[in-house]
Protein chains: 2
Amino acid sequence: MSGQLIVVGTGPGNPAQTTPEALSAIERSNVFFGYGPYLDRLQLRPDQRRVASDNREELARAKDALMTAASGEQVCVVSGGDPGVFAMAAAICEAIEDGPPAWRELHLEVVPGVTAMLAVAARAGAPLGHDFCAISLSDNLKPWPLIEQRLRAVAGAGLVIALYNPISRARPWQLGTAFAILREVLPWSTPVIFGRAAGRPDEAITVVTLAEADPNRADMATCVIIGSPDTRIIERPGQAPLVYSPRSAGERL
Amino acid sequence: MSGQLIVVGTGPGNPAQTTPEALSAIERSNVFFGYGPYLDRLQLRPDQRRVASDNREELARAKDALMTAASGEQVCVVSGGDPGVFAMAAAICEAIEDGPPAWRELHLEVVPGVTAMLAVAARAGAPLGHDFCAISLSDNLKPWPLIEQRLRAVAGAGLVIALYNPISRARPWQLGTAFAILREVLPWSTPVIFGRAAGRPDEAITVVTLAEADPNRADMATCVIIGSPDTRIIERPGQAPLVYSPRSAGERL
């Protein structure tokens, strides 16, 4: 019997946003690795074993999962959202590249999911309707000056920006600094969306301007979307405003 | 009876990648607007009516859909992938902003889906594992010089690039020019993924270097992912290589 490893994205947290492909992958696995709160969302059978770990131990978790798969188990590594976006798929690849040759021979599958920025955008309108980027604000794995440089480059080029990992107890000042940098490049009227727990019962979607953007509105479960100079707000009577980025940009030649 | 409009993303085309939320939205709608091939993927009841249109008529389709919803129908506007990424959600918002006040009072819902770059990335490994962007290569709605400027900015800043709408009969030279520009900024050894019809029976995922990237490999159903200078290829015996972008970037301070 040969083991295999499936890296699954369960989507933003609303069970109706988990794909049948992800559920099927979970169904046919017998050992589960992941951050505890993500594993808690699964409905596992008594014969399915779970190995929870902290969300800062991605590489150690990846190695454990690969070792277990190499021993013949059907292993599932669980990410929220999409496993390829600031999540476990890259950690698994890193571990394979640095690991024993046998790990390259394992059957590896990655099952995509709805990533947070798509779920937040859907609740706000269509802020990602034109060119956009996704940037992790965590300086645990890259130097802060590189993050600043990237923010200036993408805002200056007119891309909408989705910020992942905007803030945590260990990284309290980075989001405020990012807003300050963006206020040097973008109009202060640019829409900013704080999208917390999109699609879940505790969802909170807030739309403010860049001038008003207060980093304390964000927590670890928040994806922050900052518009481009083209992004617009449509006020609606009795409903939340719509935020969208038009399909066209710049002067037509 | 009051009408409503739901903009649904059905995912990249594999039914197992369509969320239950999208299926439920389709189930409770009675008139469907969309590009013909996307509507063809739905299994509709006899009482559900479809209005197919060409893929270059997004704004006209949006207005038709809003008018129909305002007349009291339960309308579903269908996109492949995610409706918020270079798709119908932005066209609907544009039409609402320019339309009669009654359209702002409609119940509007956007249901997210797995967008093409996530499905392609999953099949290749984890090329979007670090900061990345999505850029439409279509110059129908923005001037070509702006696209060139954005490509230089994001490649220079070290972001992985997913190109949507890379090529069409009416836009035959843009992808080749984009590769030429990127060869001025990025190492020629940078991995390039041509991801065609990811997750569908006619799927074709090809990995080459930027030096070898031939625009003729792409068609309208292709999403092209160009790595950053950090993106790596892991060769595997008897299996397709893995392409991934490490979670860390730049010099650690």
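**View 1. Burial in chain A.** Of the 253 residues in chain A, 54% are buried. The model is predicted. A residue counts as buried when 20 or more other C-beta atoms lie within 10 Å of its own.

**View 2. Fold of chain A.** Chain A holds eight helices and 13 strands. Among its contacts with a separation of 6 or more, 73% are between residues 24 or more positions apart.

**View 3. Dimensions of chain A.** The C-alpha trace spans about 60 × 40 × 40 Å along its principal axes. The radius of gyration of chain A is 20 Å. A compact globule of 253 residues would have a value near 18 Å, so the two agree.

**View 4. The contact between chain A and chain B.** Chain B gives 67 residues to the contact, and chain A gives 66 residues. On the side of chain B that touches chain A, helix H4 (residues 88-98) of chain B supplies the largest share, seven residues. That side of chain B divides into 36 nonpolar, 17 polar and 14 charged residues.

**View 5. Strand pairing across the two chains.** Strand S7 (residues 132-136) of chain A meets strand S7 (residues 132-136) of chain B. The two strands run antiparallel. Three bridges join them. Within this pairing, Phe132(A) stands opposite Ala134(B) in S7(B).

How values were computed:
Residues are numbered from 1 along each chain as its sequence is written. Chains are lettered from A and ligands numbered from 1 in the order in which they are written. This is a predicted model: local features need pLDDT of at least 70, side-chain atom pairs count only at pLDDT 80 or more; totals for chains, interfaces and linings use all residues. Two residues are in contact if their C-beta atoms, placed from the backbone, lie within 7 Å. Helices (H or I, at least four residues) and strands (E, at least two) are DSSP runs, numbered from the N terminus. Ala, Val, Leu, Ile, Met, Phe, Trp, Tyr, Cys and Pro count as nonpolar, Asp, Glu, Lys and Arg as charged, and the others, Gly among them, as polar. Two strands pair if DSSP finds at least two bridges between them. The radius of gyration is taken over C-alpha atoms; the globule rule is 2.2 Å times the number of residues to the power 0.38. A residue is buried if 20 or more other C-beta atoms lie within 10 Å of its own, exposed if 12 or fewer, and partly exposed in between; C-beta atoms are placed from the backbone.
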